[in-house]
Amino acid sequence: MVEEVQKHSVHTLVFRSLKRTHDMFVADNAKPIPLDDVSHKLKMSIKLRTDYGSVLHMPILKENFREKDSPNTGDLYAHKQYPANQGQELEYLITGTHPYPPGPGVALTADTKIQRMPSESAAQSLAVALPPSQSRLEANRTAAGVGDIYRHAGIPERAQPPVLSMALMEAGGNKNSALIAKKAPTMPKPQWHPPWKLYRVISGHLGWVRCIAVEPGNQWFVTGSADRTIKIWDLASGKLKLSLTGHISTVRGVIVSGRSPYLFSCGEDKQVKCWDLEYNKVIRHYHGHLSAVYGLDLHPTIDVLVTCSRDSTARIWDVRTKASVHTLAGHTNAVATVKCQAAEPQIITGSHDTTIRLWDLVAGKTRVTLTNHKKSVRAVVLHPRHYTFASGSPDNIKQWKFPDGNFIQNLSGHNAIINTLAVNSDGVLVSGADNGTMHLWDWRTGYNFQRVHAAVQPGSLDSESGIFACAFDQSESRLLTAEADKTIKVYREDDTATEETHPVSWKPEIIKRKRF
């Protein structure tokens, strides 16, 4: 006969066991620590000075449009009556000033500083003291000072402000300034580019094709894939020439040296390899990264290799000695892309921490940090002729000017995760995204003249539509894309197209420049 098990309460069962579980559940661990007033005030004062120090000198414009005790609450323009003995008076801004902090390296002058008037009576006396013509002259002179700061602030996104005209209105002894913006400049007509069309699809990889590079002689190109192989293809025919095995995880970056018969590769196995293409085998390993290596680039004039990694660093290697010359630390998240150039700054990195950094190669330190993007920067491309570059992020494609990273313009419209950018000497910028869309832009004007969404390879899912890398060949007449459907797609310009058959559907619209 089975004896009936006596039921106990949870409290009894917990205490019968020799564990301390009961104490864990009884204790109120989620209760917040009581706030210490002294430390809280200190913290807030430091935060105020750090975050808002540049605008703390500005007065607060107290304008109460609605009287709390007013019987007519719907009247937004009800004038508030202040008793003569109240002691608190409205604070005024001098007519013609503009509330913003000084630009980098430019201090506001006495004319353009925001000044606080002590009282209404002082404001009225100032208005009486200055004749109308002189007050307008003072306002115009102050406005010109604002324009000077706009021009010399060193922030190119502000470089073309709308022309502001000052309209002075006097009512009841109060001075107000109205900023009337004139018509904004219109977009210049973009250069005509022939449309690009797909003419070849190359299959052979067994996984996502993650990276692509064309060799300097323009005879072949190389791809790296999630199937852990590197494949070399004939550029003219698209035929497979060679497969290289050695990585034990996804190959994320490949590049061919123009100075030696070497191919460099990196992958999610933390490895950076140097392949000798005369023997088709690995001759050097570059050890140091602590996590997956996402990209690499070769310096154009010296034997230096730069790699970037998920460990939030970029590393500079001496190609021959395998020594780590510098570890570029500063990013706070994975570094997704790195580019080299011969001129200063010689190294540019883009990261998942939303910033772009321009590095001093000699010192191994950051020269400039660009914080304009709001989301991860996965792609950076340098213009082959101009001293400019572009960065791609889900929020925008942005163009910048070297050497200080001055902002030029936004290229808006490619609303997807942008994995890759490429640009040719003709000013065609290509952006490839995670959803398989490819946009082609005119570099100078930022006009999007073509959008492409190629069909996936037969047998693949529509969700496997994604572009991970793209590159122009050395003649810049062909565009190669590495895609998630395990193929390489080759595009070329439509030779039959003319400006008459494919006109630019361009309208001289107002330029819409988003603030950073």
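Tyr-52 sits in helix H3, which covers residues 37-52. Helices here are DSSP runs of H or I with at least four residues, strands are runs of E with at least two, and both are numbered from the N terminus. The model is predicted: local features need pLDDT of at least 70, side-chain atom pairs count only at pLDDT 80 or more, and totals for chains, interfaces and linings use all residues. Residues are numbered from 1 along each chain as its sequence is written, and side-chain values use heavy atoms, leaving out hydrogens and water.

Buried means under 20% relative accessible area, exposed means over 50%, and partly exposed lies in between (1.4 Å probe, protein chains only).

## Ser-376 in its loop

Ser-376 belongs to the loop between strand S19 (365-370) and strand S20 (379-382). With a relative accessible area of 16%, Ser-376 is buried.

Which residues does Ser-376 touch? Leaving aside residues up to four places away in sequence, they are Ser-351, His-352, Thr-354, Gly-392, Ser-393 and Pro-394. Contact means heavy atoms within 4.5 Å.

## The whole chain

The protein chain has five helices and 30 strands. It has 516 residues, and 43% of them count as buried. Among contacts with a separation of 6 or more, 48% link residues 24 or more positions apart.
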